[in-house]
Amino acid sequence: MTAPADRERLDPVRLADRLTAVDPAAAADPGSIRVVRAPGRVNLIGEHTDYNDGLVLPAAIDLEVRIAYRPGEPGRVHLDSEEQVEPATIDLGAPGPATGAWTDYVAGTAIAMRAAGLAVHGFRGVLASTVPVGAGLSSSAALELAAAWALSGGAAPAADPLTLARIAQRAENEHVGVRCGLMDQFASASGRAGAAVLLDCRSLASRVVPLPDGITLVVAHTGVPRALSGSAYNERRAQCEAAVAAIARHVPAVRALRDVDEPMLARYAAELDPVVVRRARHVVSENARVLAAEAALAAGDLSLVGRLFAASHASLRDDYEVSCPELDLLVSIAAGTPGVHAARMTGAGFGGCIVALADPAAVPRLTAAIEGEYAARSGRTPRVWAVRAVDGAGIAA
Ligand code: GLA
C-alpha cells in the first residue's frame with residue numbers, strides 16, 4: 001500500500017476512521033474521538049546554544065505528529081502507528097524502563113507528567129506522522145508533545161506550553177537517555193503560526209518573531225542520517241562545560257557560556273585547550289547572532305539575515321565542527337540560487353537538514369538545484385519541503 005500524501009495523511013477525519021476501523025468502542029461512540037497534533041521544528045538560528053543557557057530561534061512547522069484517540073482506556077495506552085510496525089502498549093501503572101523502541105517517548109512522557117503532578121489517562125489511539133525520523137526536525141519532541149496531549153484525557157493538559165515542554169524534555173533526558181536542551185520541545189509546544197519564537201534558555205522568557213511577509217521557509221534533507229550524533233553531541237556539551245569551569249576559576253559569576261563574551265574568552269584562551277576555545281567561540285558568537293537575526297527579521301533586512309546565516313554555518317563547520325561535506329554542499333548550492341536570501345545547517349548536525357529563506361518564485365529553482373546538482377554531486381537522495389510556520393501542539397481542527 002502506498003502511503004497517503006503528507007496532507008492527506010494528517011487529515012483528522014481519515015485518522016478517526018482508522019481508529020474506528022480497529023477499535024470497536026470508538027466505532028460505537030465516534031463522538032468520544034479526539035485528534036491532537038504536535039509539530040516538528042526547524043531552528044532558524046541559535047544552534048548548540050540551548051544547553052549553554054543561551055538563545056534559540058526555532059519555528060514549529062507543518063510537518064506533524066497527529067493522534068486520533070479515544071480517552072478512557074483504563075490504566076493503559078494502546079497506540080498504533082502508521083509509521084511503525086509495533087504498536088505502543090504501555091501499562092501506565094508500571095511503564096518499565098526504556099527499551100530503545102519508539103514507545104519510550106510515550107512512556108517517558110507519561111512518567112514525567114506524573115512526576116510533575118499531572119493526571120495521566122489511558123487511551124486507545126492511532127498515530128500518523130509527516131515528521132521524518134532521524135532528519136533533525138524533532139520527530140521525537142513532536143511525539144512527546146502529542147503524547148502529552150493525548151495522555152491528558154479528553155481535555156487540554158493542565159499545564160502551560162512551556163511547562164509541558166520541560167516535562168517532555170525531562171522524558172527525553174531521564175527516560176530515553178538523550179541529553180538534549182529545551183529547544184525542540186519548546187518549539188513543538190509553543191510555536192506560533194507565521195513566526196519563529198526566540199527563547200532565552202536561562203530565563204525561559206520568549207518573544208514571537210514574525211517571519212517577513214512573502215518569504216518561504218524551505219527545509220532540505222541531505223539524505224545523510226545522523227550517525228554518531230549522540231556521542232559527538234555529548235562531547236560538545238562536555239567541552240562547553242570545560243570552558244565554563246576554567247573561566248569560572250577567574251570569574252566566579254560565570255555559570256554557563258551564556259555569561260561569557262568575546263573579550264572574556266580571549267582573556268583566558270591561553271589557559272584552555274585550543275579545541276575548547278573554538279567550541280566556546282561558536283557558542284558566544286552564535287548568541288550574538290540570534291539577537292542580530294531577530295532585529296534583521298523585524299527590519300525586513302534579508303541580506304543581513306543571509307550574512308548571519310552564513311556566519312552561523314561557518315562557525316558550526318569550523319569552530320563547533322558539527323557540519324559534514326553534504327551539509328556544506330547543500331548550503332552552498334542553496335545560498336547560490338537566485339532568490340534564496342539565507343541558508344545554513346539546522347539542528348544538531350552530522351547530517352540532517354538545512355534551512356533556507358527564499359522568495360516563493362525561487363522555490364522551484366531551488367528544488368531543482370537540490371534534486372539535480374546536489375544529488376549528482378553528493379550521491380545522496382535529498383528531500384525538500386516548503387514549510388509553513390504553525391502553532392504549537394494542540395487540538396487538530
Ligand atoms: C538537538 C537538541 C537541541 C539542540 C540542538 C542543537 O536538536 O535536541 O536541544 O541542542 O540539537 O542546537
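Start by selecting the shell around the ligand: by class, you'll find 5 nonpolar, 2 polar and 4 charged residues there. (Ala, Val, Leu, Ile, Met, Phe, Trp, Tyr, Cys and Pro count as nonpolar, Asp, Glu, Lys and Arg as charged, and the others, Gly among them, as polar.) Keep in mind that this is a predicted model, where local features need pLDDT of at least 70, side-chain atom pairs count only at pLDDT 80 or more, and totals for chains, interfaces and linings use all residues. Residues are numbered from 1 along each chain as its sequence is written, and side-chain values use heavy atoms, with hydrogens and water left out.

Now pick out some of the residues around the ligand, including His-48, Tyr-51, Met-183 and Tyr-233; each has a heavy atom within 4 Å of the ligand.

Next, show the polar contacts (pairs of N or O atoms within 3.5 Å). A polar side-chain atom of Arg-41 is 3.0 Å from a ligand oxygen. For Asp-50, a side-chain N or O atom lies 2.5 Å from an oxygen atom of the ligand. At Gly-181, a polar backbone atom is 2.9 Å from a ligand oxygen. On its own the ligand has 310 Å² of accessible area, and the protein covers 92% of that (Shrake-Rupley method, 1.4 Å probe).

Where does the ligand sit? Zoom out: the ligand is in the largest pocket, meaning that more than half of its atoms lie within 2 Å of the pocket's grid points. The lining of this pocket divides into 19 nonpolar, 18 polar and 12 charged residues.

Notes. A polar contact is a pair of N or O atoms within 3.5 Å; within protein, one must be able to donate a hydrogen and the other to accept it, and residues adjacent in sequence count only if both atoms are side-chain atoms. On a 1 Å grid over the protein atoms alone, a cavity is a set of points where a 1.4 Å probe fits but cannot get out, and a pocket is an open set with protein on both sides within 12 Å along at least five of seven lines; lining residues have an atom within 4 Å of a point.
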